[in-house]
Amino acid sequence: HLATSLPLPSERDHLRPRIDLVVFMIDIKSKYSLKNVETSLAYVDASFFLGKVCFLVTGVGRVNACSIEMNAICKLGETYCSPVLFCELELEGIRVATAQRLVRMLGICAGHIPGVSALSFVSLMRMSDDD
Amino acid sequence: MDETVAEYIRRTVLKMPRDEIKTMLQKWGFLSEAQLQTLNFHQIKDNISQEVVQLCEENSADIKQAAALDIIYNHIYQNKRMWSVYQMKKSGEELEYFDITDFKKKFKRRLRSALKNVTITFKEYEDNAIWIRVAWGTPYKKPNQYKPSYVVYHSQTPYVFISASVLKSNLPLLCQALIVASNYHDIREMELRSHSLNSLKDIVFKRYSQNFQTYTPKPLQGGNVEPENADTRIVQENRSEKERIHKLNQEVFGSGPQPKLEFAQYRLETMFKSDPKLDVLDKKEPFRCLVKFSSPHLLESLKSLAPAGMADAPLSPLLTCIPHKARNYFKIREKKGLYPESFVNP
């Protein structure tokens, strides 16, 4: 399901399945996109932040078109305890690899992988902080 | 043949891409087909141009022919130049029959009476466009062929497109000659400039697809908002919002291709509005600021802003009025009166 911002339109509530993973896409070339994500985050229920939210930063291939600081993005990931992925949509290889990663994460969040749950993401992130 | 003419022809040929030299020389028609056959177009351009000059030498080319070749090059590569639009005004409503010979005669006479050293060349094209090339000199110097001005005039319209050379001082003279020759009484420069001559013509001749206001009470259901998105597994949550934006965009921009402009410039002479407690700028003077939007295709990028999620729809009328008002240079001043809003200077 694609949405331009949150909250989701309520008229479609009955048509929506259970949400297992929320991916916030930030275009590194657009400050507007970061602002949009920050305001949308307020509409996400706290329970999602136990591994069911992830940030996907796109457009990282164009180094000289960056409008958003790395600091801001890393801080966002830390504040919301959620992983941050970087990708470049214009390159097919990276696009496919990123899609595969997200599908893998989604599988875990939906409970399809025995022995691993969304909480694993949170604990993985904690561990790297301690390094 | 004059040395300067030879050099000018040589340099003009050098400007042309190698695969196009033959067609341009054919269009020129100064060299015979037999002569063109003797040219080897597979060597480096330097050599090709030398051979062309030699053939021109055989035919005794003069500056008139060289200027004609230059017009041909500039007609094909018209988008390399920056064009400004001028509008002429008639004093009365008399419909006069346009006589091209009369026009040319009057134009040349007017220019030459003010400045002896000019090279004037005309070429008419099928779309009723008259191309005029003017190379300017001074009372003491021969015309500089490397910095000519170009004028494109469609005789059935009051519009003239000018690509002036760097020597801007000749512009008033050029304008005068134009109004005298075309029987108008006044000419003014419009605030409209671009590299794409055709797009400027589209804008002033109103040839681009404009959207006429039609009353549609509800958005048409099942509209093909995004025909490329055929994958049914992707669900658009904000479909109704997307459709609203699409409809607004259609209303503002129409559904056809937009004329090609490279920039829009807004000169602001408005008051700086801030919290009065902050007391910024004690002197109540206008805050002068220049805002310039540039893009390889400005209107298409403005049209894609809202659908791409980078701006809210509807866009500011200051941006969307560009083709309707036929201008891309604006001066925005304070509106004097009860409502301190800015207005666009006519």
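## Terms and basis of the model

Two strands are said to pair if DSSP finds at least two bridges between them. Helices (H or I, at least four residues) and strands (E, at least two) are DSSP runs, numbered from the N terminus.

This is a predicted model, in which local features need pLDDT of at least 70 and side-chain atom pairs count only at pLDDT 80 or more, while totals for chains, interfaces and linings use all residues. Residues are numbered from 1 along each chain as its sequence is written, chains are lettered from A and ligands numbered from 1 in the order in which they are written, and side-chain values use heavy atoms, with hydrogens and water left out.

## The antiparallel sheet of chain B

In chain B, 6 strands form an open sheet with antiparallel pairing, in the order β2-β3-β4-β5-β1-β6. Its edge strands are β2 (118–124) and β6 (186–194) of chain B, each of which pairs on one side only. On average, neighbouring strands of this sheet are turned by 25° against each other, direction ignored; axes are lines fitted to C-alpha atoms, for helices over the stretch in contact, and angles run from 0 to 180 degrees between N-to-C directions.

Strand β1 (residues 83–89) of chain B is joined to β6(B) by 6 bridges, and the two run antiparallel. Within β6(B), Arg193(B) stands opposite Ser84(B). A further 4 bridges join β1(B) to strand β5 (residues 159–163) of chain B, also running antiparallel, and here Val85(B) stands opposite Phe161(B) in β5(B). Because 6 of its 7 residues are buried, β1(B) is largely enclosed by the rest of the structure. Buried means under 20% relative accessible area, exposed over 50%, and partly exposed in between (1.4 Å probe, protein chains only).

Strand β3(B) is mostly covered, with 8 of its 8 residues buried. Ala129(B), Trp131(B), Arg133(B) and Ala135(B) point one way from β3(B), whereas Ile130(B), Ile132(B), Val134(B) and Trp136(B) point the other way, and all are buried.

β3(B) pairs with β2(B) in the antiparallel sense over 7 bridges, and Val134(B) in β3(B) has Ile120(B) opposite. The hairpin of β2(B) and β3(B) has 4 residues between the strands, and Asn128(B) takes a positive phi near 65° there. Towards β4(B), β3(B) is joined by 6 antiparallel bridges, and Trp131(B) stands opposite Val152(B) in β4(B).

## Helices of chain B

Helix α6 (residues 100–114) of chain B lies across β2, β3 (129–136) and β4 (149–154) of chain B, and runs at about 165° to β2(B).

Ser182(B) belongs to helix α7 (residues 171–182) of chain B. With a relative accessibility of 5%, Ser182(B) counts as buried. Leaving aside residues up to four places away in sequence, Ser182(B) touches Met88(B), Lys90(B), Phe103(B) and Tyr153(B), where contact means heavy atoms within 4.5 Å.

## The parallel sheet of chain A

In chain A, 3 strands form an open sheet with parallel pairing, in the order β1-β2-β3. β1 (22–27) and β3 (84–86) of chain A stand at the edges with a single partner strand each, so one side of each is left without a neighbour in the sheet. The twist from one strand to the next averages 25°. Strand β2 (residues 53–58) of chain A pairs with β3(A) in the parallel sense over 3 bridges, and the bridge partner of Leu56(A) in β3(A) is Leu85(A).

Helix α2 (residues 70–79) of chain A packs on the sheet, touching β1, β2 and β3 of chain A, and its direction makes about 140° with that of β3(A). α3(A) also packs on the sheet and touches β1, β2 and β3 of chain A, with its direction at about 175° to that of β2(A). Glu92(A) has its place in helix α3 (residues 92–109) of chain A and is exposed, with a relative accessible area of 54%.

A search of the whole structure finds 3 cavities of 30 Å³ or more. A cavity is a set of points, on a 1 Å grid over the protein atoms alone, where a 1.4 Å probe fits but cannot get out; lining residues have an atom within 4 Å of a point. Grid points are joined across faces, edges and corners, and a volume is the space filled by probe spheres set on the points.

The largest cavity has a volume of about 50 Å³. Its lining includes Leu248(B), Phe253(B), Pro314(B) and Thr320(B), and helix α9 (residues 239–253) of chain B gives the most to this lining, with 4 residues. The lining residues divide into 7 nonpolar, 2 polar and no charged; Ala, Val, Leu, Ile, Met, Phe, Trp, Tyr, Cys and Pro count as nonpolar, Asp, Glu, Lys and Arg as charged, and the others, Gly among them, as polar.

Key. On a 1 Å grid over the protein atoms alone, a cavity is a set of points where a 1.4 Å probe fits but cannot get out, and a pocket is an open set with protein on both sides within 12 Å along at least five of seven lines; lining residues have an atom within 4 Å of a point.
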